[in-house]
Amino acid sequence: MSTLTRYSAIPYTGPAPTNREPYVPVEATKMDARGGELAGRLRVEQERGQDLPTLLVEKERIVEVLRALKEELRFTLPLDLWAVDYPNREKRFDVMYQLYSLDNNERVRLKVAVDEDESVDSSMAVYKGFDWFEREAYDMYGVRFAGHPNLRRILTHEAFQGHALRKDYDPAQRWLCTEKDVAKLIPKIDPRFENLDTDFERVTLNLGPSHPATHGTLRIVVTLDGEKIIGTEQEIGYLHRCFEKSCETHTYQQAIPFTDRLNYMSAIINNVGYCMAVEKLLGLEVPARAQYVRLVLSEFMRIADHLVCIGTNLVDMGALTNFWYLFQPREEIYGLIEACCGARLLPSYTRIGGLAVDVPPNFLEDAQRLVNMMPKYIDDVDNLVARNKIFLDRVVGVAPISAQDAIDFGFTGPCLRACGVPFDVRKATPYLGYETYEWDVPIADGGDTYARYLVRMEEMRQSLRILQQAIDRGLPPGPVMVDNPYVALPPKEKVYNEMESLIYHFKLIMHGIQPPVGETYFQVEGGNGELGFYIVSDGTKNPYRVRSRPPCFAIYQAYGQMITGQTIPDAIAALGSLNIIAGELDR
Amino acid sequence: MPIKRVAPGVVRVEPRKLSLSERVYLPQIVAGMFITLRHLLKNLFNLKKLPIISYPEVKRVYSERFRGRHILTTREDGTTRCVACYMCSTACPAECITIEAGEDERTREKFPVRYDIDLLRCVFCGYCVDACPEDAIYMTRDYEMAIDTRARAVVGLRDLVVPPNFPVEPMGWRPYYGELEKKGTAGGTGLGQPLRQAPYPDDAPPNPDLYRGA
């Protein structure tokens, strides 16, 4: 605490004055009605004028309310838990919960006000999936969750002092972590294997953080009995760069390159998700041409993401050829992205209000060429491995997770669909006009590594279907950026020649985009599942809070349970099939 | 894999049952090798079409939007176009641009006394080019920026400023407007795009001093 006070250099004086009207989402009335219904049923207060039904819950009642929501109202999928810091309020923190109902396709948001020296009851008894999310809120804000079995830091290291996302934390500080600070992780032995009587000596083994098979900086500590994994412990945060804090210290527009680095395998989807969240806050309607390009590139990126996932998963199992073979179409996709925006892996192509530049003239021909060549690659790999006895022996029944568990852990995306749950954000809450295309959500049974492979393969084919329809429709005419000087930079020729445009240009660069006061959440279907952005604006040029809902984070916390009882090679195969991207996991 | 429609908009992927030969495995390993062999032979007789670039003897040409190393353009009289307005350093999300402004005694014009870009901090997002109101900063298609010390990653005016009438047409990310936008030259998409053989007379770095070391 002493260090924190010493370094608390930023005096926070509350929201800056703004002359803009508070943000009231279009669907607020409908959401208020539904929120009132829920609030009446659960006997809690309701917050009006939000983009989701929002309930204000007292901290003593949160577990009770969550249980009622889960069991009576079927909000079974725990999407996200995060906190927001309002230092000037009586109760400093808002702990926010977001739940989704698979049966009724609706969302609800809960807010619990907690003060600095108070603790809130852990929701883990109701939703297993909030385990790591609560640890993250503790790590970033110091909110304590009473009853959490393992409440320690998750994204920052042991020598870190203070809580990074608090408003009075100085982001310029650095903390050094030396070897003696690093906690020794001793995996807890799974109760099923506690009394296992074998002749083997128990060995504790470190996988990672820099291991070729982890494809990212993940550390997994496993206790082995012979070859069987009987206890695991995961440590993450090696790639943590505090994306959320960086967003708070930069303008809305400047955060776009940061979003590239979340899931860097499908960076355009992150750009799109973030920009659409801010556009929702601004109430902007993006031109049709920009929406079209966003959709086409998102689908290409999804294919690239799945290609890499399947390729690296196969290389972990020894099928090196497929990896090299699948990188060829991915390379071609990156070529198309590069032709559009000048960078391959980290495009930063979208801007708030549209796109940075228009697509090149031969965009559609290139896209058509890619769509034509892609099925051959997918089919070749499918023919090589899908009925290959060695491959099947490595994947069928490996690291399975039941649909019930997957939902409870907050799975989304291909990993959830591999358990037979057809939840896809593009179908549930369509954006960018996905509802106008004809395509199917693929599901598979079993929830094992093989099912995840099957779902990803089919998803690529479905993406190609969407792309073919999009190409047939052709590029909509018109601009790629909104015509609004408070959001879009004026065209360069006007900046050089007209006073008015030059002023707008200076204003926008210096003062940034200033959305109205308010908060919003927007979700897109990322390569790994629901990628959501929750943004709070205080009317200034910097976001007050940006929260990204990382799909990997929820998925990876189930990994320990999935591999217990399996062997090390199975664990590696399962890790590849979950497609854990460290950039998104650690943010 | 056979797919079965289970609900509107939802299909189930069902694994195919293995035939006897697939379960025995040996015939299938031969079949699998035939797929690989087919590709090998096809590539062997089509060496030109191999998706491999023998870098650095052959280089890929990136599009004219490529976001590579920066240059500062010059007016016809040899002075830099930059007026040290700090727009680029304000727009930069990586905070990698450091500018110090000076004033010309004679013309009372503002100009940069110091203009440093830390290429190790730079994320090559192109925001500086978008922010410049003076057509002063462009990004080239030069992507070879290997260095051996951190100090050499900081490039200053000496490395960035190009001579007057430096052809900006073949550069990378630049302000798109007027004729340039209509022409909209796109690069390739990987395969089948132009390659260049070494040596490359046309893409010598604007200021070779950078590569000789500071």
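Trainee: How far apart do the C-alpha centres of domain 1 and domain 2 of chain A lie?

Mentor: This is a predicted model. Chain A is divided into domain 1, residues 2–146, and domain 2, residues 243–586. Their C-alpha centres lie apart by 26 Å.

Trainee: Which element gives the largest share of the side of domain 1 of chain A that touches domain 2 of chain A?

Mentor: The contact takes 24 residues from domain 1 of chain A and 29 residues from domain 2 of chain A. On the domain 1 side, two elements give two or more residues: helix H4 (131–141) and strand S3 (77–85) of chain A. The largest share is six residues, and it comes from S3(A).

Trainee: Now the chain contact. Which helix gives the most to the side of chain A that touches chain B?

Mentor: Chain A and chain B put 49 residues each into the contact. Elements of chain A that supply at least two residues include helix H10 (363–385), helix H15 (449–473) and helix H9 (320–341). With nine residues, the top contributor is H9(A).

Trainee: How many residues of that side of chain A are charged?

Mentor: The side that touches chain B has 26 nonpolar residues and 11 polar ones. The charged count is 12.

Trainee: Which residue in S2(B) is the bridge partner of Pro442(A)?

Mentor: Strand S13 (441–443) of chain A also supplies residues to this contact. S13(A) pairs with strand S2 (residues 10–13) of chain B in the parallel sense, over three bridges. The partner of Pro442(A) there is Val11(B).

Notes: Residues numbered from 1 in each chain as written. Chains lettered and ligands numbered in written order. Predicted model: local features only at pLDDT ≥ 70, side-chain atom pairs only at ≥ 80, totals over all residues. Domains from an automatic or database assignment. Contact = placed C-beta atoms within 7 Å. Helix = DSSP H or I, 4+ residues; strand = E, 2+ residues; numbered from the N terminus. Nonpolar A, V, L, I, M, F, W, Y, C, P; charged D, E, K, R; others polar. Pairing = 2+ DSSP bridges.
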